Amino acid sequence: MKKVFLSMVCMASLVLMTACGGGNNNAKKEASDILEDAKEMVQKSEVVSSDWPENEYTKLIPKPENITITGNQEVDNMYYIGHRIVIKNFSKEDCKAYIEKLKAAGFTKPIAGMKDVITNDKETMFSFDALNADGVHASVGIMGSNGMIEITKKKNQE
């Protein structure tokens with residue numbers, strides 16, 4: 001379980017640091033805080049449930065089909081609030097199919113500093129980050145055969 005979370009931490013770090021290029025210290029601080037939250041989750045092996053979570057955040061995104069959830073966690077850091085779901089055996093094709101559902105649900109605007117919603121497209125790593133019209137952020141990614149779905153909004157959006 002810790003290996004899955006650690007791989008997700010690495011993937012999130014790469015995506016965040018890629019999205020935070022330039023000299024934007026606030027973005028770098030946000031990325032650092034998110035990484036620290038993920039490290040703490042790994043250390044505590046905090047798993048709320050292996051079932052699809054039903055809450056105000058996950059209601060904003062489509063429920064993926066035929067997935068094995070290995071963990072989920074509330075996201076509540078200095079900047080964002082929401083939910084993170086870790087998925088086992090989530091292929092690049094599964095990820096792309098789910099991204100199409102997110103786009104159909106209105107997650108089509110690239111995040112600040114990015115030109116496209118696909119933020120990483122490698123053979124063993126793939127990620128998507130987009131906002132909907134309300135500024136809610138959906139992030140989906142894979143590293144190897146594991147995936148992560150995260151739905152967040154800025155704390156000042158509450």
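**Strand pairing and burial**

Mentor: Three bridges join strand β4 (residues 118-121) to β5, and the two run antiparallel. Please keep in mind that this is a predicted model.

Trainee: Which residue of β5 is the bridge partner of Asn120?

Mentor: The partner of Asn120 in β5 is Ser127.

Trainee: How many residues lie between β4 and β5 in their hairpin?

Mentor: Three residues separate β4 from β5 there.

Trainee: How many bridges does β5 form with strand β6 (residues 137-143)?

Mentor: Seven bridges connect β5 and β6, again in the antiparallel sense. Within this pairing, Phe126 has Ile142 of β6 as its bridge partner. These two strands also form a hairpin, with five residues between them. In that turn, Gly135 has a positive phi of about 85 degrees.

Trainee: In what sense does strand β3 (residues 109-110) pair with β5?

Mentor: β3 pairs with β5 in the antiparallel sense, over two bridges. Pro110 is found opposite Ala130 of β5.

Trainee: How should I judge whether a strand is covered, and how many residues of β5 are buried?

Mentor: One takes each residue in turn and asks whether its relative accessible area is under 20%, the cut-off for buried. For β5 (residues 125-131), seven of its seven residues are buried.

Trainee: With which side chain does the side chain of His83 make a polar contact?

Mentor: The polar contact is with the side chain of Asn55, at 3.0 Å. Beyond four places in sequence, the residues in contact with His83 include Pro53, Tyr57, Gln73, Val75, Ile149 and Ile151.

Trainee: What is the order of helices and strands along the whole chain?

Mentor: The protein chain has three helices and seven strands, in the pattern α-α-β-β-α-β-β-β-β-β. Of its 158 residues, 48% count as buried. Among contacts between residues at least 6 apart in sequence, 58% join residues at least 24 apart. The accessible surface of the chain comes to about 8,400 Å², and carbon and sulfur atoms account for 50% of this.

Definitions and conventions
Residues numbered from 1 in each chain as written. Predicted model: local features only at pLDDT ≥ 70, side-chain atom pairs only at ≥ 80, totals over all residues. Heavy atoms only, no water. Helix = DSSP H or I, 4+ residues; strand = E, 2+ residues; numbered from the N terminus. Buried < 20%, exposed > 50% of the residue type's maximum accessible area, 1.4 Å probe, protein only. Contact = heavy atoms within 4.5 Å. Areas by Shrake-Rupley, 256 points an atom, 1.4 Å probe, with all protein chains shown as cover. Polar contact = N/O pair within 3.5 Å; in protein donor to acceptor, adjacent residues only side chain to side chain. Pairing = 2+ DSSP bridges.
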